[in-house]
Amino acid sequence: MAWLYLLLAIIFEIVFALGASASHGFTKLKASLITVVGVVGGIYFISLALKTLDVGVGYPIWTGVGAVGTVIFGALLFKEKITPPKVVCFVAIIAGVVGLKLLAGV
């Protein structure tokens, strides 16, 4: 269940970041409410995941995958550019996440 909770935390993390961008400094009510739901959901589910997972595994995966997801959805929703250097960084983050997952039981 910890990995499912982590996945949900990642989804809420992405929602939080995208909502924060769309809220324009909390001046847009709907986006501001989405941001708050994202924050609360993300923290709730990461706290459940970290009951089982080491914080040194769960937290970096949460932030890393959340960051990559935010960039991807930022490009789709807000027309932000994904450049080759960004892709190299995504690959590095994903490699780190895979490494942490593989070493989680060690």
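A residue counts as buried when its relative accessible area is under 20%.

**Figure 1. Overall view of the predicted model.** The structure shown is a predicted model. The protein has 4 helices and 0 strands, in the order α-α-α-α along the sequence. Its C-alpha atoms fill a box of roughly 45 × 35 × 15 Å along the principal axes. Of the 106 residues, 31% are buried. The accessible surface comes to about 6600 Å², and carbon and sulfur atoms account for 77% of that area. Among contacts with a separation of 6 or more, 66% are between residues 24 or more positions apart.

**Figure 2. Confidence along the chain.** The average pLDDT of the protein is 93, and 98% of the residues score at least 70. Confidence is highest in α2, with a mean of 98, and lowest in α4, with a mean of 89. Where pLDDT is low, the predicted coordinates should not be read in detail.

**Figure 3. Helix α1 and its buried residues.** The buried residues of α1 are A2, L6, A9, I10, E13, I14, L18 and G19. These buried residues pack against α2 and α3. After α1 comes H24, which has a positive phi near 50°.

Figure 4. Helix α3 covers residues 55–78. Its 24 residues should span 34 Å at 1.5 Å a residue; the end C-alpha atoms of α3 are 32 Å apart, which agrees with that expectation. Buried in α3 are V57, G58, I61, W62, G64, G66, V68, G69, T70, G74 and A75. The packing partners of these buried residues are α1 (2–22), α2 (29–49) and α4. An α-helix has 3.6 residues a turn, so residues three or four places apart point the same way. K79 follows α3 and has a positive phi near 60°.

Figure 5. G69 is located in helix α3. Its relative accessible area is 9%, so G69 is buried. S23 is 46 residues from G69 along the chain; the C-alpha atoms of the two residues are separated by 18 Å.

**Figure 6. Nonpolar patch on the surface.** I72, F73, L76, L77, F78, I82, V87 and V91 form a nonpolar patch on the surface, and together these residues have about 700 Å² of accessible area. The elements that give two or more residues to the patch are α3 (55–78) and α4 (84–102). Helix α3 gives the most, with 5 residues.

**Figure 7. Close-up of L77.** L77 is one of the residues of the nonpolar patch and lies in helix α3. Its relative accessibility is 54%; exposed means over 50%, so L77 counts as exposed. In the helix that holds L77, the buried residues include G74 and A75.

Definitions and conventions. Residues numbered from 1 in each chain as written. Predicted model: local features only at pLDDT ≥ 70, side-chain atom pairs only at ≥ 80, totals over all residues. Heavy atoms only, no water. Patch = residues over 30% accessible without salt bridge, like charges linked within 9 Å, V, L, I, M, F, W, Y side chains within 5 Å. Areas by Shrake-Rupley, 256 points an atom, 1.4 Å probe, with all protein chains shown as cover. Salt bridge = Lys/Arg side-chain N within 4 Å of Asp/Glu carboxyl O. Buried < 20%, exposed > 50% of the residue type's maximum accessible area, 1.4 Å probe, protein only. Expected span 1.5 Å × (residues − 1). Contact = heavy atoms within 4.5 Å. pLDDT = per-residue confidence, 0-100.
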